[in-house]
Amino acid sequence: MASPVPVKEKKLMDVKLGELPGWILMRDFTPRGIAGAFQRGYYRYYNKYVNVKKGSVAGISMVLAAYVLFNYCRCYKELKHERLRKYH
């Protein structure tokens, strides 16, 4: 049974596994399309976690945790050598 919503209009979580290659091919991979995707993601995040009536530190703490994880992954090679070095 065909779904009433076209594949191009669906969100990633609503796409079935068989429709995934067609859905990926319909995405806009131009610089303008990629910038629009980042902008939509930013506004979705902002409206869900930051721009709320009863806000908490959840939105800001997720950004901070992602930043810390990114820097740890970036510096892992140097940290690994520091861990294996003997100081005596």
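Is Tyr-43 buried, partly exposed or exposed, and what is its relative accessible area? In this predicted model, Tyr-43 has a relative accessible area of 44% and is therefore partly exposed. Tyr-42 falls in the partly exposed class with a value of 49%, and Tyr-46 is likewise partly exposed, at 32%.

These tyrosines are joined by their rings. A search of the whole structure gives three aromatic pairs. In one of them, Tyr-42 and Tyr-43, the ring centres are separated by 5.4 Å and the planes meet at 65°, so the arrangement is edge-to-face. Tyr-42 also pairs with Tyr-46, in a stacked arrangement with 6.0 Å from centre to centre and 25° between the planes. Tyr-42 and Tyr-46 lie about one helical turn apart, because four residues separate them in helix α2 (residues 31–50). Through ring pairs, Tyr-42, Tyr-43 and Tyr-46 form a cluster.

Helix α3 spans residues 58–74 and includes Asn-71. The relative accessible area of Asn-71 is 17%, so this residue is buried. Its side chain is in polar contact with the side chain of Arg-74, at 3.1 Å.

The disulfide count is zero. The cysteine sulfur closest to that of Cys-73 belongs to Cys-75 and lies 9.7 Å away, which is too far for a bond; a disulfide requires sulfur atoms within 2.5 Å. Taken from Cys-75, the closest cysteine sulfur is that of Cys-73, again at 9.7 Å and too far for a bond. Cys-73 is exposed, with 53% relative accessibility, whereas Cys-75 is partly exposed at 29%.

Technical notes. Residues are numbered from 1 along each chain as its sequence is written. This is a predicted model: local features need pLDDT of at least 70, side-chain atom pairs count only at pLDDT 80 or more; totals for chains, interfaces and linings use all residues. Side-chain values use heavy atoms; hydrogens and water are left out. Buried means under 20% relative accessible area, exposed over 50%, partly exposed in between (1.4 Å probe, protein chains only). Helices (H or I, at least four residues) and strands (E, at least two) are DSSP runs, numbered from the N terminus. A polar contact is a pair of N or O atoms within 3.5 Å; within protein, one must be able to donate a hydrogen and the other to accept it, and residues adjacent in sequence count only if both atoms are side-chain atoms. Rings of Phe, Tyr and Trp (its six-membered ring) pair if their centres lie within 6.5 Å; planes under 30 degrees apart count as stacked, over 60 as edge-to-face and the rest as tilted.
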